[in-house]
Amino acid sequence: LDMAVAAVIALASPLLTTAAMLRPSPTAFRWRGVLRPGLRRRAAFSCAAGGDSIVWPAAKVRSQFISFFEGKSHTEVPSSPVVPYDDPTLLFANAGMNQFKPLFVGQAEPGSALASLKRAANTQKCIRAGGKHNDLDDVGMDTYHHTFFEMLGSWSFGDYFKTEAVDWAWELFTQVYGLPEDRFYATYFEGDEKLGLAPDEEARQLWLRYLPPERVLPGNAKDNFWEMGDTGPCGPCSEIHFDRIGG
């Protein structure tokens, strides 16, 4: 696996959060978008598009996401079971990436449909239990962490990388979902001297094509460095956030 890219939207909420991850060797890049807070409770959110107020049910958010990435030559992959059949490391599916783990760790069976994937788009039902970043302690403490949620993801395996992931995320959020551009912020990994890691200047420069410098912010390893587990794919994370309240 030379490179993997993912874009994920979680229908647990409305802050649009994206994460881009680099794996040291071999390289992996993941893009993640999260809708917070409130979508799970109302199953809809409103946004301005063309001057009109449009209500977006969860089903429409989902279908538009899949259609958008199918238009970018992605193959739709259905949700895997919430209780994984063939992954003894998981009690429940807890992320949209679970069914692609064999690709991330180089264990996909040669010649299989999974191994042949270059671009994929999926919708995955998840239960927030287990995993390094399950945020289980946050359930009930805010309006956007839920025990059961759904993640929409777009993925690239050895195909495109950061530039396309940033461009398409911006296009999806602003042109398809019609969210106002002046409400977005992006974060990038600021680097970590102890780990010997440099700032992710590439991600920063990509966001500066769409956002002013004051809305492209550095983040530390806690918030902007993603790890699949104690071992495995990991790396710098870049996120895009939507200010739902504004002002």
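**Strand partners, confidence and a pocket**

Trainee: Which residue stands opposite Ala186 in strand 11?
Mentor: This is a predicted model, where local features need pLDDT of at least 70 and side-chain atom pairs 80 or more, while totals for chains, interfaces and linings use all residues. Residues are numbered from 1 along each chain as its sequence is written, and side-chain values use heavy atoms, with hydrogens and water left out. Strands are DSSP runs of E, at least two residues long, numbered from the N terminus. Across from Ala186, strand 11 has Ile240.

Trainee: How many bridges join strand 7 to strand 11?
Mentor: Two strands pair if DSSP finds at least two bridges between them. Strand 7 (residues 184-189) runs antiparallel to strand 11, and the bridges number four.

Trainee: Which helix has the lowest confidence?
Mentor: pLDDT is the predictor's confidence in each residue, from 0 to 100, and the chain averages 78. Helices are DSSP runs of H or I, at least four residues long. Helix 5 (residues 201-207) is highest at 97, whereas the lowest, at a mean of 27, is helix 1 (residues 39-42).

Trainee: How do the residues lining the second largest pocket divide?
Mentor: Ala, Val, Leu, Ile, Met, Phe, Trp, Tyr, Cys and Pro count as nonpolar, Asp, Glu, Lys and Arg as charged, and the others, Gly among them, as polar. On that basis, the lining has nine nonpolar, five polar and three charged.
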